[in-house]
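Colleague: Could you take a close look at one part of this model for me?

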Amino acid sequence: MSAALSCQGVERYLGEFESRVHVLRGVSLEVQAGSVHAIVGPSGCGKSTLLYVLGLLDVCDAGRLAIGGEPVSGLADDALSRKRNELIGFVFQFHFLLHEFTAQENVMIPMRRLGRLDPRAMRDRAAALLDAVGLGDKLQRPAHHLSGGEQQRVAIARALANDPRVLLADEPTGNLDTENSARVFDLLTGLVKREGKALLLATHNPQIARASDFIHEMKDGLFVRSAPPAA
Amino acid sequence: MPSPLYIALRFINHRKKAILLSLAGVILGVAFFICTQAQTQGFERFYIRTVLGTTGAIVVQDRFQPQFTGVLQTNETTVVSVSNPRRRKYQDGITNPEEVMRVIREFSNVAACAPVLEANTTIETDFRNAVFVLQGIDLDAELAATDLRGYMVGGDLGDFRQKASGLLLGAILAGDLHAQVGDKVTLTGPAGERRDFEVCGIFRTGDNLIDEKRGYIHLRAAQGLFDKPSEVSFIVVRLRNPDRAPALAAHLERLLQHRARSWQEREKGNLQIFRAIRLSAAITVSTIIVLAGFGIFNILTLMVLEKVREIAILRSMGFRRADISAIFLWQGLLIAGIGSAAGCGLGALLTWGVSRIPIRMRGFFATDHFIVYWSWHHYLAAIAIAFTGIFLASWFPARRAARLAPVAILRGSGQ
């Protein structure tokens, strides 16, 4: 069975001329459905860049990407946008909710873009997702009236809106206190296991890394060690 | 509903105060544009109606002097042409008016035509003497070809019809002469012929040049007074479609070998003034829409700067560049749409209100209230200007939003 997310030999340069930096130096990775992979490493080692490349937000200078075994390298911008909409859910350190919308409406935004569901079905699915992240009683709450932890949980529900195969999380708990961090991580891993999704997250939090199925240690744009967490 | 429109509506709703000011600018710009165009074109149309009502769509007048081209054949292979290089000359008047009018009436666009014999004449009343332009008319033909009946402000056309020595005087001229209906006056033709006439009616066209200098008598009486028993000075032609006057005038000129002048040619100078005023009003009022456009440009540009994170997250959710651009273009289009609709309503209301304003105007034409011309073209032009201006105002911020690189924003946000 093909990996939910895979890449081979991914290279990425950032900057121009004398400030040009070789950020990713031939990274290869496979993430199976139902598994949680953590990327750890010092700031600036290329964790976020790898997530953006794998999430089709950025393009690599060399290497191959595939989602569910389907190659996605070299696609045009519009096609990449469609793949992101259908197959990938992002969770960022900052939730980036749209403050003009309620919690439920924020979750419905990716569904509206995809256009597969009618408005009633979208509302129902958004309500179910928010219920799953423990916000079933705050559907109509404006985004800016939610606490930081609640907003991040709305962002997780939004990332799951179109039932993506792959979840990419860039420091998803980096802006939360210990209690909320544990809660958000448990929520993410629970969803991944229950719904058979692949989760790749970048984190500085050693507890979260240890709770993952696989840890990739990154240094200077390369995985220097990839292994399950030590027992 | 497309997702960009859905988001645009919500963004607008959260910027109500800022947007309302620009929206008010669009509404006022559209409304003032419609109202000023209705006024300027209203006066222009009224002036044209006065021109057509007094002197017809086409005036057929002097005959061309025939030009001859001599041809000499010197031998079997050589032909020499000798032509007169002098400029075309005219011979005053029309010597065969019935024949010319018969030909004119053949054209389907011609509604009526009337012969007129005109000469400067001296009028003597008990009060004073004056020189004026006296026109001899065939009353029935004149009534069919002009709006004379509508211009009568005193006396009776029936009385004039009955009296061979009846006279109609322009209102200002009658006032200057202290002449009233029923008064006897003496007219002296250009050749010195004197005859007595009775004032049967007073008319007012609104055009001072006519009202202070013109009078009418019967054509037959004029031919006697002017000693021109069979000719006329010109023929007034009324058309069903006056807009086609220039083409028909040119055709009549070639066909009849008489000078034929359309109302557009005769009034070219005045019409240009009206058009310049209309254009000037349109440009001036459009600046309100342009200013509103600048306001919208500022609002949307600020919004793009404020929403860079939201734009990045929307891109991460699968929104294309075109979708991001559409969010901002939709906002512009919504403002343009609401502004145009409300502006058209307000413009119609203002136009109606202006048409009720009393104003006494005499000289160019006569009116006792503001004249407006209702035309959907004014509304269409106002909407086109509003949409073009606001589209441009929203296009630049929209393009800027679409070009934002989500990765750069997300990286910056994380630091």
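Colleague: How many helices and strands does chain A have, and which of its elements touch chain B?

Modeller: This is a predicted model, so I kept to its cut-offs: local features need pLDDT of at least 70, side-chain atom pairs count only at pLDDT 80 or more, and totals for chains, interfaces and linings use all residues. Residues are numbered from 1 along each chain as its sequence is written, while chains are lettered from A and ligands numbered from 1 in the order in which they are written.

Chain A has 7 helices and 10 strands, taken as DSSP runs numbered from the N terminus (helices are H or I, at least four residues; strands are E, at least two). Its C-alpha trace spans about 50 × 40 × 40 Å along the principal axes. Buried residues, those with 20 or more other C-beta atoms within 10 Å of their own, C-beta atoms being placed from the backbone, make up 51% of the 231 residues in chain A.

Now the side facing chain B. There, 25 residues of chain A are in contact with 21 residues of chain B, contact meaning C-beta atoms, placed from the backbone, within 7 Å. The elements of chain A giving two or more residues to that side are α1 (47–54), α2 (77–87) and α3 (103–114). Of these, α2(A) brings the largest share, 6 residues. By type, the chain A side divides into 10 nonpolar, 5 polar and 10 charged residues; Ala, Val, Leu, Ile, Met, Phe, Trp, Tyr, Cys and Pro count as nonpolar, Asp, Glu, Lys and Arg as charged, and the others, Gly among them, as polar.

Within chain A, 69% of the contacts between residues at least 6 apart in sequence join residues at least 24 apart.

Key:
Two residues are in contact if their C-beta atoms, placed from the backbone, lie within 7 Å. A residue is buried if 20 or more other C-beta atoms lie within 10 Å of its own, exposed if 12 or fewer, and partly exposed in between; C-beta atoms are placed from the backbone.
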